[in-house]
Amino acid sequence: MVSRTIFCLSAFLVLSVLATSASSSKILSPYYYNHVCPKALPTIKRVVEAAVYKERRMGASLLRLHFHDCFVNLGGPTWAVQLGRKDSTTASRDKANNDLPSPFMDLPALINSFKRQGLNERDLVALSGGHTLGSAQCFTFRNRTHNDTNIDPKFAKQRKSTCPLVGGDSNLAPLDPTPARFDVAYFNGLVKKRGLLHSDQALFNGGSTDGLVKAYSSNAKAFWADFAKSMVKMGNINILTGKQGQVRLNCRKVN
Ligand SMILES: *[C@@H]1O[C@H](CO)[C@@H](O)[C@H](O)[C@H]1NC(C)=O
Ligand SMILES: *[C@@H]1O[C@H](CO)[C@@H](O)[C@H](O)[C@H]1NC(C)=O
């Protein structure tokens, strides 16, 4: 929720300028705010850094927000963010639920889900590496820890201790052993059958993505480079620019 507030705030800061802007470029650009609102980026950086400092899970929340809206730096990769994405004037809960990959998916379904957005298997594995940050709620991994067989038994036991068969749906567990570090521990976990979500372990389960998971697990630079590339690619999905879309005053609803 706080992440929404940050984005709303930043959107609000630039709204008045954007409203009078004649810009109608059809592509995003890292320089979008240079003229329309030079203070936007330093302001956003300051607010985001303060928020992440206060609550480290914020980094993961922001990553998730970016992912959800298209489909920070905690150490880790940096890249030139393509700016100027407008908010949609419509929203569909059904479409969002249908288009977003779920934590219960197997590899073919994940590949398909990404393919529908123009993303390939490398994007899938690199972006799943975003699970190097943050946590997941018990209801998203209960079936995996209780029913899956491609899981390290000791790991399953540990996770079940905070995610019982009944109740505790929102109890949190880290997505990798170092949930505040942008490292390759997530991929190392997969190689050891310690992926938290069914959809995480699906990436290393004898299928076509095993090789890439293995490669990233020992090569942080390759992971970071591909992650940055795939984030830019994801940021360009279904863009609205210029006179299309709007900058919402309240991110939760159309103006
Ligand atoms: C385990 O799988 C069975 C059969 O699909 C299902 O009925 C049960 O609810 C699952 N257990 C959990 C904890 O999800
Ligand atoms: C629960 O896990 C079992 C074993 O992996 C699987 O067959 C079943 O489809 C899963 N159920 C859900 C709802 O994901």
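The shell around ligand 1 comes out as 1 nonpolar, 3 polar and 1 charged residues by class. This is a predicted model, where local features need pLDDT of at least 70, side-chain atom pairs count only at pLDDT 80 or more, and totals for chains, interfaces and linings use all residues. Side-chain values use heavy atoms, with hydrogens and water left out.

**Around ligand 1**
- Arg142, Asn143, His146, Asn147 and Leu165 surround ligand 1, each having a heavy atom within 4 Å of the molecule.
- A polar side-chain atom of Asn147 sits 2.2 Å from an oxygen atom of ligand 1, and one of Asn143 sits 3.2 Å from an oxygen atom of ligand 1.
- On its own, ligand 1 has 360 Å² of accessible area, and the protein covers 38% of that (Shrake-Rupley method, 1.4 Å probe).

**The annotated binding site**
- UniProt, in an unreviewed entry, puts a "binding site" at Thr132, Asp176 and Asp183; such annotations may be inferred rather than shown by experiment.
- These residues spread over 52 residues of sequence yet cluster in space, with a largest C-alpha distance of 9.6 Å.

**Thr132 and Asp183**
- Thr132 counts as buried because its relative accessibility is 0% (buried means under 20% relative accessible area, with a 1.4 Å probe and protein chains only).
- Asp183 also counts as buried, at 17% relative accessibility.
- The side chains of Asp183 and Thr132 make a polar contact at 3.0 Å (a pair of N or O atoms within 3.5 Å, one able to donate a hydrogen and the other to accept it).
- Leaving out residues up to four places away in sequence, Asp183 touches Thr132, Asp176, Thr178 and Phe223 (heavy atoms within 4.5 Å).

Key
Residues are numbered from 1 along each chain as its sequence is written. Chains are lettered from A and ligands numbered from 1 in the order in which they are written. Buried means under 20% relative accessible area, exposed over 50%, partly exposed in between (1.4 Å probe, protein chains only). Ala, Val, Leu, Ile, Met, Phe, Trp, Tyr, Cys and Pro count as nonpolar, Asp, Glu, Lys and Arg as charged, and the others, Gly among them, as polar.
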